[in-house]
Protein chains: 2
Amino acid sequence: MDQREQVTIYEVGPRDGLQFESQFFPTDRKIELINLLSASGLKKIEATSFVHPKAVPQLRDAAEVMARIDKQAGVTYSVLVPNLKGCQAALASRADEFTLFVSASPTHNRKNVGMSIADSLAGFPEIARLASEAGKSLRGYVITAFGCPYEGAVSLDNVRRIMEVYARLGVREASLGDTTGMANPPQVQRLVAELRRGFPEVNLAAHFHDSRGTGLVNTYAAFAAGVRVFDSSIGGLGGCPFAKGAAGNVPTEDTVNLCEEMGLDTGVDFDKLLQAAALVREVLGRELASGTSRVGRPRWSPGGQGESHCLPA
Amino acid sequence: MDQREQVTIYEVGPRDGLQFESQFFPTDRKIELINLLSASGLKKIEATSFVHPKAVPQLRDAAEVMARIDKQAGVTYSVLVPNLKGCQAALASRADEFTLFVSASPTHNRKNVGMSIADSLAGFPEIARLASEAGKSLRGYVITAFGCPYEGAVSLDNVRRIMEVYARLGVREASLGDTTGMANPPQVQRLVAELRRGFPEVNLAAHFHDSRGTGLVNTYAAFAAGVRVFDSSIGGLGGCPFAKGAAGNVPTEDTVNLCEEMGLDTGVDFDKLLQAAALVREVLGRELASGTSRVGRPRWSPGGQGESHCLPA
C-alpha cells in the first residue's frame with residue numbers, strides 16, 4: 001500500500017487555461033482533452049465556465065462540453081459560475097461543483113466583472129442556496145489574493161471578508177489566486193497560516209500563475225504551510241487579459257513532477273498526462289510552457305524511464 | 001542602513017549561458033554584456049572559459065574578452081579553467097578567480113571531459129598551486145551533484161570525494177550543479193546539510209538549471225538550508241549538449257526578483273540588469289526565458305514602479 005502523503009492537483013486548463021486563448025479550441029478537442037485529463041488520474045477538473053458567451057467566446061460551448069464528456073466515477077467536474085444566470089445554466093448541466101469568484105482588489109474586481117466586491121459577494125447566497133438544493137458542492141476563488149497589478153498590495157481585510165462569506169455559505173474549498181504571479185514564499189506562508197487559523201472549516205487551495213517563474217516555489221511554500229490542493233493547468237495554459245504579459249498557470253506536468261519527486265502521491269500517471277499535453281500542443285500549434293513535456297521526468301523516477309518520457313520534439 | 005540579509009548572485013551567463021549557443025556571440029557584445037552586468041551591481045561574474053577553442057568555439061575569444069572588459073573594483077571576475085593549458089592562459093589574463101569542475105557521475109565526467117573522476121581530480125593540485133602563487137582565488141563545481149541524465153542517482157561518496165579535494169586545495173567556494181534540472185527541494189536540503197556539516201570551511205553555492213521549472217524552488221530550498229550564493233544566468237541562457245532538451249540556468253532577473261521579494265538584499269539594480277537582458281535578447285534575436293524580463297517586478301517592489309519595469313514587447 002502506498003504510504004506517501006497524498007496531494008490533490010486541481011486541473012484548471014480547460015477553463016482558466018483556455019478562456020483567453022485567441023484561437024477557438026474546438027468543442028470536440030475540449031471534450032477529448034477533459035477525457036484525457038480524467039484518464040490520467042486527476043480527480044478534480046475545472047471543465048468550463050457558464051459565463052456570457054460574449055465575455056468569454058472561447059467557452060461558449062460550456063453546455064455542450066458538459067453534456068458530452070465521459071464523466072468518470074470519483075472525478076469532480078467543476079464549472080465556473082459568475083452569476084445567477086450562469087448558475088441556472090450550470091444547474092442544467094452535469095457539473096458536480098460550482099465555483100464562485102471575486103477579487104480581493106476592488107479595482108481588479110471592477111475591471112473583471114464590472115462591480116464592487118460587496119456587490120459580487122451579495123450575489124453568492126442565492127447561488128449557494130440553489131447549488132445546495134441541487135446537491136452541488138461549492139468552491140470559491142479569492143482572486144488577486146497576493147497582490148493586484150493595479151493596486152499593488154491587497155488588503156488582508158478584504159481577503160478575510162471574502163473568506164467569511166465563503167465559510168458562511170458552506171464553500172468547501174477556497175483557492176487563493178496569485179492572478180498575475182506577484183506572490184513570494186514568505187507571503188504565501190503568512191497568508192496561508194493566517195487563513196488556516198481563521199477559517200479551519202474551509203479547505204485551502206493555492207492557485208499560482210507563473211508570470212515571474214515563481215509558480216513552483218510558491219506551490220512549495222504553500223505545501224510547507226499546510227496546503228494540500230494545488231491548482232495548475234495542463235501545458236501551463238492561461239493568462240489574464242487585464243495584466244500585460246501575464247503568463248499562464250503553473251503547468252500541471254511540472255507540478256505533478258515536483259510533488260512526486262518530493263515523495264508525494266498525486267495519483268497521476270505522468271505518461272497519460274503527457275497525452276493531454278500532446279493534444280494541447282497539437283491544437284494550439286505551439287510549444288508548451290512546461291519543462292517536463294520537453295525533457296520528461298528525471299531518470300530515477302519510480303516507475304518511469306525518465307528522459308525518454310517526454311513529447312517528441 | 002540596509003538591515004536586510006545579503007545574498008550573492010553569481011552570474012554565469014557569459015560562460016555557462018553562452019558556451020553552447022549555436023550562433024557566435026560577437027566579442028564586442030560579450031564585453032558590453034559583462035560591463036552591463038557589473039554595472040548592475042552583480043559582484044561575481046563568470047566571464048569566460050579558457051577551454052580549447054575546438055571544444056567550445058563560442059568562447060574562443062576568452063583572452064580578448066578578459067583583456068578588454070572594464071574591470072570594476074569590488075567585482076570578482078572568474079574564468080573556467082579545464083586543465084593546465086587553460087590555467088596558463090588564465091594566468092596571463094586579468095581573471096581574479098579560477099573555477100575548477102568535475103562531475104560526480106563517472107559517465108557524465110567521461111562524456112564531458114573524456115576522463116575518469118580520479119583523473120580530473122589529479123589535475124587540480126597543480127592548477128591550485130599556480131593559482132595560489134598568482135594570488136587568484138579558487139571556485140569549484142560539483143557537476144551533476146543531484147543526478148545524472150545517464151546514471152540517474154549519483155553517489156554521495158563521489159560528491160564527498162570531490163569536496164574533500166576542493167577543501168584540501170583551499171577552494172573557497174564549491175557550487176553544487178544541478179546540470180540537467182533533476183533536483184528537488186528535500187534532496188537539496190539533505191545534500192546541503194550534509195556538506196555544510198562535513199565541509200564547514202568551504203562556502204557552498206547552488207547552481208540550478210531550469211529544465212523542469214524547478215530552478216527557483218530549489219534556489220529557495222538551498223536558501224532555507226543555509227546557502228547564500230546562487231548561480232544564475234542573465235535571460236536564463238544556457239543548456240547542456242549532453243542532455244536532450246535541457247534548459248538554461250535559472251534566470252538572473254527572476255532570481256534577483258525572488259530574493260528581493262523575499263526581503264533579501266542582492267545589491268542588484270533591477271532596471272540596470274534589464275539592460276543586460278535587452279542586449280542578450282537583441283543579439284540572439286529571440287525571447288528570453290525570464291518571466292520578469294517580460295512583465296517586470298511586482299508593482300509594490302521597494303523603489304520600483306513594477307509592471308512597467310520590463311523590456312518593451
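Which residue in E8(B) is the bridge partner of B:Glu11? I looked this up in a predicted model. The partner is B:Ser232.

**Strands around E8(B)**

I then went through the strands that pair with E8(B). Strand E1 of chain B, residues 8-11, runs parallel to strand E8 of chain B, residues 229-232. Four bridges join the two. On strand E7 of chain B, residues 203-208, I found three bridges to E8(B), again with a parallel run. Within E8(B), B:Phe230 stands opposite B:Ala206. I followed the chain from E7(B) to E8(B) and passed through helix H10 of chain B, residues 215-224. This β-α-β crossover is right-handed.

**Contact between the chains**

Next I checked where chain A meets chain B. Each chain gives 37 residues to the contact. H11(A) has the largest share, four residues. I sorted that side of chain A by class and got 17 nonpolar, twelve polar and eight charged residues.

**Symmetry**

How are the two copies related? I superposed chain A on chain B with a rotation of 180° and 0.0 Å of shift along the axis, at an RMSD of 0.0 Å. That is the relation of a two-fold axis. In chain A, the C-alpha nearest the axis belongs to A:Val217, 2.0 Å away from it. I also compared the two sides of the contact. The copies meet through the same surface, because 100% of the interface residues of chain A are also interface residues in chain B.

Key
Residues numbered from 1 in each chain as written. Chains lettered and ligands numbered in written order. Predicted model: local features only at pLDDT ≥ 70, side-chain atom pairs only at ≥ 80, totals over all residues. Pairing = 2+ DSSP bridges. Right-handed = clockwise from strand over helix to strand, strands pointing away. Contact = placed C-beta atoms within 7 Å. Nonpolar A, V, L, I, M, F, W, Y, C, P; charged D, E, K, R; others polar. Least-squares fit on C-alpha atoms with pLDDT ≥ 70 in both.
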